[in-house]
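This briefing sets out the main features of the structure shown below, grouped by topic.

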Amino acid sequence: MTESYLKDKDFIKIQRLNSPRNAEKRKSLTQTDIDIDKLTSQLANHSPSNIRSSSSSRAQSNSGSNVNTKRQSLNDKEEEDKDAVLLNDKVNEKLLEDHAQLVKSRYKVRYRNDRVISYFDDVDFEYRPSILDGSINEPFRMSFEGPTLEKVIKIQEKAKRSQLRREKFPQVASKEDLDKNSSNSSSSDNLIELETEMNEKGYMHEQLVSNFSGLYVALWMAIGLGVLRVLVDNYIDDDGSLMNGEIMKFLRKDLFKVGFVDLCMYLCMYVPFFIHWLAKNNILRWNSIGWKIVSVYEFCFLIGFIYLPEHVLNFHWIAKIFLFLHSLVILMKMHSFAFYNGYLWSIKEELDYSTNALAKLEKEPPIEKDDHKSNEVKEIFQKSYDFCTFELNSQTHDESQKFPKNINTWNFFEFTMFPIIVYQIEYPRTERIRWLYVLEKVCAIFGTIFIMILNAQLFMYPIAERALMIRDSEWTGIIDRLSHWARLLIDIIPSFIVMYLLVFYLIWDAILNCIAELSRFGDRYFYGDWWNCVTWDEFSRIWNIPVHKFLLRHVYHSSISAFNFNKAQATLFTFFLSSVIHELSMYVIFKRLRLYIFFFQMLQLPLVAIGNTPQMKKKTILGNVIFWIGICAGPSVLCTLYLTI
């Protein structure tokens, strides 16, 4: 029986998944059935049946020439069978030696320090608030006490006077002072320890602790008053109407058509779910045809929803870029759901095969001259069983949702509602919906959109019109065109910085937190403190956490697994794919393929290398200044380039 497993294609697949050539590669969600048929056919050529068939054919040819010598032909056949058995033993011995090496390599792929490594350890979800909520909003609401600096100064002065009396005039220290000292001993001791530490570090003689919560209120007051002034001026200039601006006309145009197309995109999202439902009901196999259908469908989905708004429905640029960005979100959700469960189908098939094999080996132990061979096979199946069991059971603790039970309508619907694009069976969830928090975020969404409209209409749209006039004017030379471009750049930078920050706050804080609260999604870590970045690789990781998680799992790690890339090549491929998508978004807006943003995106790679040099790592303030120069100037440079040149 051991020999039969050595030639079984499923057993060969289990070995190949743990081959030494992939030992140092990080596996991820990718299709792995690539060379199995070829490898199986090669090994099948060494099977006893094939050897016997070739032997029998030779025997038949010999018997045909000696039809009158039946006994001689029988003897020849027996000799040929003996030769076939000897040859088969040599082949199996060589295979077993290879299997022993494959078993050892399994520890490098699926184990680390005798600990099982899940393929999903690259992405994690926990109960976390957003940075603005956790650092500003919630502390401001819960612990704001008004001025605290004066209280701190008085406590410090009182502690120092008491200490001075104890040291220099212990005989005149009153009992009342000592009692008061003892009551405040803990606070004064803490202040003295902190003061000593700060003196040793050379910062300052006294610590002055305060907060800037009042300035936080003043900031929102300034924004509100500024918006009010713009509203009044716009109301007077437009003869009492605030709805006549070009931006508002764009937003009102084809509103219901855009909503209907967006709904159709969402419904198209259920096609990969249907494919897995068919696999769950044994109508098709994911590893044979399912992944091919989904891959072709994803490509057609992306191209179709780029072509439809542009060439069929003739939407304006705001509608086109909205539908394009939302189609990317849906595409990433579909891909993550499809290939997460596709990987688990492979694990489940491997588990079923290993379980049946172990049961047969235990029930009918093979009779071997050397028990070492059967032990090697059993060890392979046992390790496969242990890993696959861990991988399937570690995805969720809910028995009703363990794979493939998670492939149900409600689970997929919840995933489509979550503000995340990386699929897993379960996520951290909050206990209830805070409706006042939802109301706050809804007001923030519409308020931010309104400010964005005003900024675009009053400050950015006139500059864009000037840029289009320059682009359509008669060509007067590169120097003249660059001088006009420089003037446009200087004019648009302030409003573009405001728009950049408003878009970030609208999407990654207001909208995602509102959706998270309504869906009771517990992990609100949608962005990091990117404003403190000193290198561009930090910015690429933390400014958009949901997309970063997707690229990490389904692009970076999958490229290592599928194409045998090293880390540098996988990083380059990830940046390249991201640059192509950004350039495609510019094509949707401007209908011009200029590769400006592609070049700027790829330029981050040498900037990352420069920022990680020992000289630059020590100069964090300079790094942050350079980073903010890029943030302030980069989007404006790109916009004016696409508009004018």
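A residue is called buried when its relative accessible area is under 20%, and exposed when that area is over 50%. Leu502, at 16% relative accessibility, therefore counts as buried. The model is predicted. The protein has 26 helices and 2 strands, and buried residues make up 41% of its 645 residues.

**Overall contacts and annotated spans**

- Among contacts with a separation of 6 or more, 78% are between residues 24 or more positions apart.
- An unreviewed UniProt entry lists residues 208-232, 258-277, 289-308, 442-464, 484-508, 570-589 and 625-643 under "transmembrane region".
- In the model, residues 289-308 are 100% helix and 0% strand, with 28 Å between the end C-alpha atoms.
- Residues 570-589 are likewise 100% helix and 0% strand, and their end C-alpha atoms lie 29 Å apart.

**Packing of H12 against H15**

- Helix H12 (residues 255-268) packs on helix H15 (residues 317-363) at about 10 degrees, with 10 Å between the axes. Because angles under 35 degrees count as roughly parallel, H12 is roughly parallel to H15.
- On the H12 side the contact is made by Val258, Val261, Asp262, Met265, Tyr266 and Cys268. Their partners in H15 are Ala319, Phe322, Leu323, His326, Ser327, Ile330 and Met334.
- By type, the residues of this contact comprise 10 nonpolar, 2 polar and 1 charged.

**Nonpolar cores**

- The largest nonpolar core holds 73 residues, of which Phe301, Leu344 and Tyr427 touch the most other members. H15 supplies the largest share of this core, with 18 residues.
- Leaving aside residues up to four places away in sequence, Leu344 touches Phe120, Leu392, Gln395, Phe403 and Ile425.
- A second, separate core has 33 residues, among them Ile445, Met452, Tyr596 and Ile597.

**Surroundings of Leu502**

- Leu502 belongs to helix H19 (residues 478-519).
- With residues up to four places away in sequence not counted, Leu502 touches Thr448, Ile451 and Met452.
- Leu502 and Ile451 are 51 residues apart along the chain, yet their C-alpha atoms are separated by 8.2 Å.

**Helix H13 and its cover**

- Which residues of helix H13 (residues 270-280) are buried? They are Pro272, Phe273, Ile275, His276, Leu278 and Ala279.
- The elements covering the buried residues of H13 include H12, helix H14 (286-312), H15 and helix H17 (409-417).

**Backbone exceptions in loops**

- Most residues other than glycine have a negative phi, and most peptide bonds are trans.
- Asn282 follows H13 and sits in the loop between H13 and H14. Although Asn282 is not a glycine, its phi is positive, at about 60 degrees.
- With a relative accessible area of 70%, Asn282 is exposed.
- Asn314, in the loop between H14 and H15, also has a positive phi, near 55 degrees, in a residue other than glycine. Asn314 is exposed, with a relative accessible area of 53%.
- The peptide bond from Phe403 to Pro404 is cis, and its omega is near 5 degrees. Pro404 lies in the loop between helix H16 (371-393) and H17.

Key
Residues are numbered from 1 along each chain as its sequence is written. This is a predicted model: local features need pLDDT of at least 70, side-chain atom pairs count only at pLDDT 80 or more; totals for chains, interfaces and linings use all residues. Side-chain values use heavy atoms; hydrogens and water are left out. UniProt positions are given in the numbering used here, feature names are shortened, and annotations may be inferred rather than shown by experiment. Helices (H or I, at least four residues) and strands (E, at least two) are DSSP runs, numbered from the N terminus. Axes are lines fitted to C-alpha atoms, for helices over the stretch in contact, and angles run from 0 to 180 degrees between N-to-C directions. Angles under 35 degrees count as roughly parallel, over 145 as roughly antiparallel, 65 to 115 as roughly perpendicular and the rest as oblique. Contact means heavy atoms within 4.5 Å. Ala, Val, Leu, Ile, Met, Phe, Trp, Tyr, Cys and Pro count as nonpolar, Asp, Glu, Lys and Arg as charged, and the others, Gly among them, as polar. A nonpolar core is a set of buried Ala, Val, Leu, Ile, Met, Phe, Trp, Tyr and Cys residues joined through side-chain atoms within 4.5 Å. Buried means under 20% relative accessible area, exposed over 50%, partly exposed in between (1.4 Å probe, protein chains only).
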